[in-house]
Amino acid sequence: MKETVMIRAGRIGQVQTMADLAAAHKPKPISLGRFRNIKPHMREGFPSPISSPRARVVLWDAEQTAAYDAGLPIPDLPSEDSDEDLLDRAEAAAELGVTLTTWSDYRYDPRISEHVVLVPEREPGDDRPQVEHWPRHAIRAFKDGRPGQGKGPTVGKPKGAGDMIPRDQIRPRIAELLDADPAITTGAVVDELGLGTATVMRGLAHLRGQRITDLVEADPSLSLDAAAAQLGYPAFARRRAITVAQDEQRRRAVRPYLQGVADALAGAGSAEAGEVEVLNAGDHLAAAILLRPEQPAQALVWDERYGWRTATSRRHPIGKDPVPEGEGIRYLSTEVRPEPAEVLEALSDRRRGRKHP
């Protein structure tokens with residue numbers, strides 16, 4: 001008999017942990033410890049878990065448990081498989097026809113890891129345990145293209161092949177497909193545009209993240225997850241898109257300050273005029289402003305951890321982390337966000353050969 005899938009398509013919002021059952025216990029909520037002692041979930045007729053038998057965290061469907069508490073017939077869950085079903089590790093391994101040990105290696109493959117979804121969904125401060133799941137479509141796509149499967153279809157374009165669309169048109173073309181279908185999958189875009197899987201994953205996450213950020217800016221009462229849901233983004237795509245949105249919020253928050261410094265430097269004739277690009281340099285934000293030839297450095301670099309410093313390269317001013325002082329690199333202030341006038345003064349002191357405190 002085929003194992004029931006853990007979370008059917010569209011039901012991630014119905015997932016309950018044992019802690020949720022304790023909080024919803026009738027006639028009044030009880031502690032998790034008390035719940036474990038009296039074991040009401042073991043009573044005859046209580047809905048079966050929606051977890052696979054060997055799941056580390058047991059989960060239930062809230063619609064079913066609410067019906068049980070109300071003394072109503074327990075509704076059946078959807079029985080048809082969907083590409084948007086979410087599978088836990090045991091179900092994913094079964095879908096692939098491999099052991100859990102083999103799955104433990106497969107789950108780190110980017111074609112799978114990029115799709116991971118943590119359930120149940122939770123807000124900041126919520127300490128309920130979460131379990132990794134993967135949408136069925138990602139598992140099937142990986143199965144079709146994973147090594148050792150003969151000459152079957154592969155995920156994305158052939159290795160070494162270039163993208164079939166000019167680079168500057170990739171994001172706009174992906175955006176057109178996302179406009180038409182907010183829930184579009186990576187595989188569908190790959191098939192439509194002939195792009196590499198990694199290119200499409202990055203593009204979809206970037207576009208969704210930007211649009212989530214735009215919506216939250218327009219309506220600050222929305223959480224990022226609520227904005228993602230309002231935009232029609234499926235659960236399997238939200239985790240990465242929300243991460244992008246969080247980074248985008250940080251970039252937008254700091255960009256006015258950085259542009260103000262850039263404009264002040266350009267107005268004083270010290271830097272080339274232009275828009276500042278805020279980059280994600282690993283786990284922190286950074287930006288570079290190219291200086292004019294007569295200046296004492298090739299560029300100024302801002303790092304959200306340390307503030308402003310000089311750089312010795314125009315082509316790769318941000319460079320690798322960490323960047324110690326010495327050999328032409330100097331930090332201009334002990335503050336992370338000094339006023340533009342202070343940055344300009346510190347740079348002028350460098351040009352005149354004076355050490356800035």
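Tutor: Let us begin with burial: a residue is buried under 20% relative accessible area, exposed over 50% and partly exposed in between, with a 1.4 Å probe and protein chains only. This is a predicted model, in which local features need pLDDT of at least 70 and side-chain atom pairs count only at pLDDT 80 or more, while totals for chains, interfaces and linings use all residues. Residues are numbered from 1 along each chain as its sequence is written, and side-chain values use heavy atoms, with hydrogens and water left out.

Student: Is Asp61 buried or exposed?

Tutor: Asp61 counts as buried because its relative accessibility is 2%. The residue sits in strand 2 (residues 60-61); helices (H or I, at least four residues) and strands (E, at least two) are DSSP runs numbered from the N terminus.

Student: Which residues does Asp61 touch?

Tutor: Contact means heavy atoms within 4.5 Å. Leaving out residues up to four places away in sequence, Asp61 touches Arg11, Gln14, Gln16, Ile50 and Leu77. A polar contact is a pair of N or O atoms within 3.5 Å; within protein, one must be able to donate a hydrogen and the other to accept it, and residues adjacent in sequence count only if both atoms are side-chain atoms. Here the side chain of Asp61 reaches the backbone nitrogen of Glu63 at 3.1 Å.

Student: Is Asp20 buried or exposed?

Tutor: Asp20 has 17% relative accessibility and therefore counts as buried. It is found in helix 1 (residues 18-23), and its contacts, not counting residues up to four places away in sequence, are Val15 and Arg128.

Student: How should I read a sheet?

Tutor: Strands of a sheet pair through backbone hydrogen bonds, either parallel or antiparallel. Two strands pair if DSSP finds at least two bridges between them. Strand 4 is joined to strand 5 (residues 131-135) by 3 bridges, and Val119 has Val131 as its bridge partner.

Student: What is the strand order in the open sheet of 4 strands?

Tutor: The order is 6-7-8-9, again with antiparallel pairing. Its edge strands are strand 6 (279-280) and strand 9 (307-311). Strand 8 (residues 299-303) pairs with strand 9 over 5 bridges, and Val301 has Arg309 as its bridge partner in strand 9.

Student: Which residues of helix 8 are buried?

Tutor: In helix 8 (residues 167-180), the buried residues are Ile170, Ile174, Ala175, Leu177 and Leu178. They lie on the same side of the helix because they cover an arc of only 165 degrees around the axis, the arc being that of the directions from the helix axis to the C-beta atoms. The face turned away from this side carries the exposed residues Asp168, Asp179 and Ala180. Helix 9 (186-193) and helix 10 (197-218) are among what covers the buried residues.

Student: How many residues are in the largest nonpolar core?

Tutor: A nonpolar core is a set of buried Ala, Val, Leu, Ile, Met, Phe, Trp, Tyr and Cys residues joined through side-chain atoms within 4.5 Å. The largest has 25 residues, and Ile174 and Ile212 are among those with the most contacts inside it. Helix 10 gives the most to this core, with 6 residues. A second, separate core of 21 residues includes Val261, Leu285, Leu332 and Ala346.
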